Each structure stands twice: as structure tokens, then as C-alpha cells.
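Subject: Structure for you to look through

Dear colleague,

Please find the structure below, followed by my notes on it.

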Protein chains: 2
Amino acid sequence: MKFFNRFLLAPGPTPLPEEVRLEAVKDIYHHKHPKAKKVFQKVTEDLKWLIGTKHNVYQLASSGTGAMEAAMQNLVNPGDKVIVINAGNFGGRWSKLAKAFGANLVEIKKEWGDMASAEELEGVLKQNPDTVAVFCQLSETSTGTCCDAEGFAKVVSKTNAILVVDAVSGLGVVPLKMDEWGVDCVAAGSQKGLMLPPGLGLIAMNDKAWKLVEANKQNKFYFDLRLFQKKLEKWDTPWTPPIGIIMQADKAMELVKEEGLENLWARSTKLADGLRAAIKALGLELFSKYPGDAVTTVKVPEGFVTKQITGPFRDKYNITIAGGQGDYEEKMFRFGTMGCMDMYTELAGVAALEMVLKDLGWKFTPGAGVAAFMAEMMK
Amino acid sequence: MKFFNRFLLAPGPTPLPEEVRLEAVKDIYHHKHPKAKKVFQKVTEDLKWLIGTKHNVYQLASSGTGAMEAAMQNLVNPGDKVIVINAGNFGGRWSKLAKAFGANLVEIKKEWGDMASAEELEGVLKQNPDTVAVFCQLSETSTGTCCDAEGFAKVVSKTNAILVVDAVSGLGVVPLKMDEWGVDCVAAGSQKGLMLPPGLGLIAMNDKAWKLVEANKQNKFYFDLRLFQKKLEKWDTPWTPPIGIIMQADKAMELVKEEGLENLWARSTKLADGLRAAIKALGLELFSKYPGDAVTTVKVPEGFVTKQITGPFRDKYNITIAGGQGDYEEKMFRFGTMGCMDMYTELAGVAALEMVLKDLGWKFTPGAGVAAFMAEMMK
């Protein structure tokens, strides 16, 4: 049967709302045009609100990884001691960045699907009082586990170290309150909760972090945040910004403000609850020990590999979900509940999962997944 | 909870596929531009294939009703006897047109939800041997009932009369084989099975019908098909055609050809089967005695009125379905299974129906509708 709807249910890039797509069809503005500069200013203010900070947010022409690099490159000097909470692929990326920029790396390494606690971090910080920065993921996209960023911030703020949170797959999806929690630096990207195409990297810093930027000695140019700060004072950027995406961000932020952050976070929870109920009703198992509300990870049943699921999902049923990463590439699959994915998109994902499982000969009551999902929606 | 997907599940206008929407964003062509003329020719040929005729198809700048008027105005002289099979709002529209153009009207009037049989038509034709034309609906949009157009054609072709089929809500949804069945004239519009915006009217005629056109004495100008025929010989139209929609029609027809007519018809049946199963699982009743596969009509339960269902459907759950028409305005609601509505859109419709019914206090097992729909899909 032909499918006209092509849904994107991966944990990023995510689909774009109609209003955001329409913006991309308009003629592009030069980034120095007064209208473009006005939108740049408005989007900067909106992003500060979204991240929960009164400090500046810098907009980079980069992916989320570019924003992560900007954090590491601007905050950490060669030889500085850093703690990375590594509980998945993106924790691993912080470690790689730390090594690439010559840091003295202390890893809190956890099994994928597990997560370090604030107490554990506190212990490691006590053993390493010379730590300059702690790096973590708000939502570890590879496992679907959210960290206790608020608890981490409480612990780190008692030390001289700063807390850097990779919020790429969590910003605009699950709660993040940078200033209130005492997070010192947030790095994020456009292609997940922000409902935008990839290409806009974000980085926010408080004064404690900014002091490290000013004292930083790394060789750098493109991501030198001092240059961004100087230009931001005139609502400008040192290099060409991705102005098309920024114009779209203006529309996306209007939608976020209209919905309200509490409603938005509650939506992620509700949709993830629905997915989790459906997964269980179909006799499958969640991967994460502490399932977060941005990414739902599912174990591939014994005797199967991931691509037997994600392949027909995409090619036969027109829905893209994600497989596993690293050692779990063929052992799990992942659904996003972020951005403009709504009840209907997620329900379609459950429907496709039923059809794929049936094709594979998996035993379950037809309709059990969608029924469990809907029962959860109507609770 | 916020809905980003805004689905259109009414029995027309229907949603547009991505490829068709993108075409509308392109710069418009002048209709005499060689590329526009080439597309006009290609679309004409494609429509002939779709309708199942080797005869010409005329493209009008009109809605479906315009195409119906063109049929009546070009085929029927004042005083001519015509038989209208009137089993709903659009049967009623044929009757109104017949009266407006001074025809001698014989109605085969049926209760809404019922339909005349070929035998019944044969009897009326025998009583009225001077009948010039018979008018029917391939799919009566107001009740969801499909007629036996093939059987009607068999009966009418034995007489001097012609059979005119309003295929507005059936073309590209349920089987129609104009030449093979012996249908003499087909009138249709763009906004249903063709997956296009409203504004393109279609009319096809065989030689038996064309003889009536040539002998016709009605006053007319805009819909004078002799002018259209003359221009069509040079792949042109007498007045400005809706070239934007025609360029989109080229894309839509590519999708139809790619899917194949048999697959497309089977899809409508499958989706309508799913809807019917869901309706029953939720304890509701179908309206039509002979439910067709283009429109599924549901009785509003005792004690409720239609707008209590269609209102929240649209305003709370972001899906537009249709209410009833005429005397049944507040007694039924209607889902389309046409055009690019696919399994995911219809499933969303069932999900919204469950939520609306729950809000109204209707008793059912949460998830029963979506489960029944999915069980039908996986049969």
C-alpha cells in the first residue's frame, strides 16, 4: 500500500512545522539587511529564554558537534583536567574532543543505558579538586537516557569547575533551566527540539565560564567566541551566519512560545509514555535503565538485527527511525519524541512498528501497540 | 496537547502530496509557453488514461459543479427528457441543473444511504423511451454510497439515451472504466481523487454524447465544449486555463501512474475497510446501506449532533472531517478515503474520533478503534 506521509521519527534531524518550512521558500535575506539583523536579535533573545539564561547565546554556522567543539576549544587549555560523564556515543564525543584539545581527561564511564548520579560525580570531583570543567549530556541520544543536569550543577557549582551541558537532543524537549540550576555552559544544535534544519549551532555561557574563555590559550579562529561576543554587541556575527535557518528559527520560536515550555515538556513526556506503553504491549523491551522523554530506545529481540527493523520501516512503511550506535548498532532502535513530532506522528510510528514486527513473524496481538498508545494518550 | 500535523480527512477538498505542493511554489508559467502547452497535452493524455477513454477530456477553469453544468448545458436541450438518479445531495444537484436548463425531469428518488439498481433504471427507461440522458453519481459524496455505474451503462447503452456520470468524488478513488463500461460522459473535478486544489473541472465525452453537443441549442459561452474541442486540436483552451493546477496535475498523475490504478483502487478499499472496522469497534453505526470506498459516513449517536463531533475534531484535534448535508446535516459525519490520504492519515482520524468520543462521554474501550483499524491493515 502506498504511503504519502513520509515521517521522520529519528532522534534528529526532526521534521519541520509547516510555518518553518514555508519560511524557507521565501527569498533569502542578506544577513546585514536590517530585517535580518532584527530577526537575529529576536532569535538571540528567544534562545536565551529557551535555554533559561540572561547570558548571551552565540549562533554558529555549525552542527551540534561544532557547538561542542566551540565549548571545548574556548573553555579548556591543553593540560587542564576535565571530567567527562561518558554513558554513550555523545559522552564519548566529549572524551574525543577533550583528547583532541590536549585536556587531562578523567572519565566517569558507565554502561550504555546507565547514567552517573550527582553523588558519583561529587565523589570524583572530590578526588580531582583541580578539575576545570565537567562535561555531560542533558539527553544521551545514543541510549535515550537523560542525566540529572540539575543535580550535577548543584555539585559542580560548589567547586571551581564549570559544568558544560550538551543539550543538542534535549533543548526544547526536556526541562533545562541554565541560570536557575547553575549550569555554566550549554551547547546545542538546531535539528532536534528546535524544529529546524541542521546547520545552526548554539552556545551559551555564564560569567564563570566566560572567565575561562578570556584566559584560554587554544589556537582557534572560526569558533573563537571572543570574536562572536564582540560582534554580538552590534547584533552581528564575525562570519556569515546561516541566515536562512535563523529566519526559520524566528518562526519556530514563535511556535514554542505559543505552546509554552511547560506544555512542551509535558508533551514530550506524554508521547514518550505512549511509546513506552506500546513497546511493552508488543512484547519488546526498553534499552535504557532510566528512559528519558526525548529518545525512546528499544532492544532488538534475540535472533534479529536492527536493520531488519529500521530498513523496512523506511523503505516499506515510509518512516525513518534510527538504529543503534557503536557496539549497539545492530542491537537497538530509537524513536525521537522531539520537535514537532506529535501524537499522530508517533502513532504512525507505532503502527509501522506493528507492521514490521508482523512481517518478521514476531508474535503479538495485532493492534495491541496502537491501542496501548491511545489508552496512554487518553489517560 | 499541541498538534503540528493538520490533516484533511474530508471527502474533498483533499490533501496534496508533497510533490504536488512543491510544484505550486515554482514560478508560474504563461499558459501559452511551450512548456505549459506540453504539460497541458501530457495531462490531457494522462486524464484520458485515468478515466479510461480514448475520447477527449476537456479541462475547464471550474469546480466539479462547473463540469456538471457543462455536461447539462452542452448535452440537454430545453424540453429534453432526462432521468436523474437522486439518492443524495449531488443527485439533487443534477436535478437542480436539469430544471435550470429547462429539461423534462424524471427522478428516480431514493432515501439517502440507499441507491437505485440497474434493474430499476432499466424499468424507468422502458417507461420513458424518449429519454435523452441519464445522470448519476459514481460516488454520492453526501451518503458515501457508490452506484453501479457499470450496470447503469449496460442498461443505458441499449437505448438512444446517454449515461452521464458525475465522478467528482469517485475518479481516481474507485473503479471507473468509461469506454469499457460504455459510459458516455464523465464530469469530474480536481480536488478529490486527483490530489489537487479545487479549480480544475474535467469533462470527457464519447461520440454518442458528442452528437448531442453538436445538435445542442442552449445559450452558452464559457462552457461551450465546441470551442474547447476546436482549441484542443492545437493543445489550447478558449479561455485562460488554471495552468498552476495543471502543472500540479502533471505531478499528481505521475504519482497515480507510479502507483497503478488497480493498486490505488485497492488502497481505497483497504482504508475504507479499516475505517468501517474502527467505526464498529467503537460502537458506532455506518450511515450508508451500501458503503462505498471513497466516503465513509457514520451516524451520529442518539442524543448528539454532528457539530459536537466535527467541531472538536477540527478545533481541538486539528483534523477536518465533514458533517452531513441537507436533512442529515446534524445526523452524520463523513470521512474521505481518497487522494493522498494514506494509512497514517486515516489512523490519525480514528485516533481523533476516539478522543472526541471520550470527551463526549461515549463508552468504549480506549484504543479499540485504532486496534481494529490496524488489525484490518495487517489482514
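Which residues does Asp114(B) touch, not counting residues up to four places away in sequence? They are Ala87(B) and Lys289(B), where two residues are in contact if their C-beta atoms, placed from the backbone, lie within 7 Å.

Before going further, please note that this is a predicted model, in which local features need pLDDT of at least 70 and side-chain atom pairs count only at pLDDT 80 or more, while totals for chains, interfaces and linings use all residues. Residues are numbered from 1 along each chain as its sequence is written, and chains are lettered from A and ligands numbered from 1 in the order in which they are written.

On confidence, chain A averages a pLDDT of 98, and 100% of its residues score at least 70; pLDDT is the predictor's confidence in each residue, from 0 to 100. The model as such has an ipTM of 0.94 and a pTM of 0.96.

To return to Asp114(B), its place is in the loop between strand S4 (104–109) and helix H5 (118–127) of chain B; helices (H or I, at least four residues) and strands (E, at least two) are DSSP runs, numbered from the N terminus. Asp114(B) counts as partly exposed because it has 15 C-beta neighbours inside 10 Å, given that a residue is buried if 20 or more other C-beta atoms lie within 10 Å of its own, exposed if 12 or fewer, and partly exposed in between, with C-beta atoms placed from the backbone. Between Asp114(B) and Ser62(B) there are 52 residues of separation in sequence and 29 Å in space, C-alpha to C-alpha.

Next, the two domains of chain A. The domain assignment gives domain 1 (7–14 + 260–377) and domain 2 (18–258), and such bounds come from an automatic or database domain assignment. The C-alpha centres of these two domains of chain A lie 27 Å apart, and 25 residues of domain 1 are in contact with 25 residues of domain 2. On the side of domain 1 of chain A that touches domain 2, helix H11 (261–281) and strand S11 (295–299) each supply at least two residues. The residues of that side divide into 12 nonpolar, 10 polar and three charged, where Ala, Val, Leu, Ile, Met, Phe, Trp, Tyr, Cys and Pro count as nonpolar, Asp, Glu, Lys and Arg as charged, and the others, Gly among them, as polar.

The two chains also meet, with 31 residues of chain B in contact with 31 residues of chain A. On the chain B side, helix H11 (261–281), helix H13 (343–359) and helix H14 (368–377) each supply at least two residues, and the largest share, nine residues, comes from H13(B). By type, the residues of this side of chain B are 20 nonpolar, four polar and seven charged.

How are the chains related? A rotation of 180° with 0.0 Å of shift along its axis superposes chain B on chain A, with an RMSD of 0.0 Å, the copies being superposed by least squares on the C-alpha atoms of residues with pLDDT of at least 70 in both. That is the relation of a two-fold axis. The same surface serves both copies, since 100% of the contact residues of chain B recur in chain A. Of the residues of chain B, Ala371(B) comes closest to the rotation axis, at 2.7 Å (C-alpha).

Helix H11(B) deserves a separate look. At 1.5 Å a residue, its 21 residues should span 30 Å, and its end C-alpha atoms are 30 Å apart, which agrees; the expected span is 1.5 Å times one less than the number of residues. The buried residues of H11(B) include Leu264(B), Arg267(B), Leu271(B) and Leu275(B), and what covers the buried residues includes helix H10 (243–259), strand S11 (295–299) and strand S14 (332–336) of chain B. Lys270(B) lies in this helix as well, but counts as partly exposed, with 18 C-beta neighbours inside 10 Å. Just after H11(B), Gly283(B) takes a positive phi of about 80°.

Finally, two backbone details of chain A. The peptide bond from Gly12(A) to Pro13(A) is cis, with omega near -10°, and Asn318(A) has a positive phi of about 65° although it is not a glycine.

With best wishes
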